[in-house]
Amino acid sequence: LRLHEIEERLSGGDFFRASKSTISNIAKIASLKPELSGRLEVTLLHGERLQVSRQYVPELRRRLEL
């Protein structure tokens, strides 16, 4: 499947689009760190770090009620 098709199937759950190439699980977020560029650095529970692009930050903030 293409990423947008996977995103449609997972919509409404704990998953969110972090960038054009990444979908992640909100329930696995350990911490958020804002960056000067407007992006967020997300650290997941298992230690992996990923960048949430500026385009997807508002949706993540809304879903986390920040």
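Select L64, which sits in helix α2, residues 57-64. Helices here are DSSP runs of H or I with at least four residues, strands are runs of E with at least two, and both are numbered from the N terminus. This is a predicted model, in which local features need pLDDT of at least 70 and side-chain atom pairs count only at pLDDT 80 or more, while totals for chains, interfaces and linings use all residues. Residues are numbered from 1 along each chain as its sequence is written, and side-chain values use heavy atoms, with hydrogens and water left out.

L64 has a relative accessible area of 28%, so it is partly exposed. Now show its contacts, meaning heavy atoms within 4.5 Å. Leaving aside neighbours within four places in sequence, L64 is in contact with I26 and L32. Draw a distance between the C-alpha atoms of L64 and I26: they are 38 residues apart along the chain and separated by 8.2 Å.

**Along the helix to L60**

Stay in helix α2 and select L60. L60 has a relative accessible area of 1%, so it is buried. Which residues does L60 contact, leaving aside its neighbours within four places in sequence? They are F16, I26, I29, L32, L40, V42 and V52.

**Past the end of the helix**

Next select E65, in the segment after α2. E65 is exposed because its relative accessibility is 73%. Check the backbone angles as well: E65 is not a glycine, yet it has a positive phi of about 60°. Most residues other than glycine have a negative phi.

**The loop at K20**

Move to K20, in the loop between β1 (15-19) and β2 (22-25). With a relative accessibility of 67%, K20 counts as exposed. Not counting residues up to four places away in sequence, K20 touches L3, Q55 and Y56. For one of these, Y56, the C-alpha to C-alpha distance from K20 is 9.1 Å, and the two residues are 36 apart in sequence.

**Strand β2 at N25**

Select N25, which lies in strand β2. Its relative accessible area is 18%, so N25 is buried. Beyond its neighbours within four places in sequence, N25 is in contact with D14, F15 and F16. F16 is also among the contacts of L60. Then pick G12: its C-alpha atom is separated from that of N25 by 12 Å, and the two residues are 13 apart along the chain.

**Strand β4 at T43**

Select T43, in strand β4. T43 is buried, because its relative accessible area is 17%. Setting aside neighbours within four places in sequence, T43 is in contact with K28, I29, A30, S31, E48 and R49. I29 is also one of the residues that L60 contacts.

**Zoom out to the chain**

Colour by secondary structure. The chain has 2 helices and 5 strands, and along the sequence they follow the pattern α-β-β-β-β-β-α.

Colour by pLDDT, the predictor's confidence in each residue, from 0 to 100. The chain averages 92, and 100% of the residues score at least 70.

Show the C-alpha trace alone. It spans about 35 × 25 × 20 Å along its principal axes. Buried residues make up 29% of the 66 residues in the chain. Of the contacts with a separation of 6 or more, 25% are between residues 24 or more positions apart.

Accessible areas come from the Shrake-Rupley method with a 1.4 Å probe, and for residues only the protein chains shown count as cover. The accessible surface of the chain comes to about 4800 Å², and 48% of that belongs to carbon and sulfur atoms.

Terms used: Buried means under 20% relative accessible area, exposed over 50%, partly exposed in between (1.4 Å probe, protein chains only).
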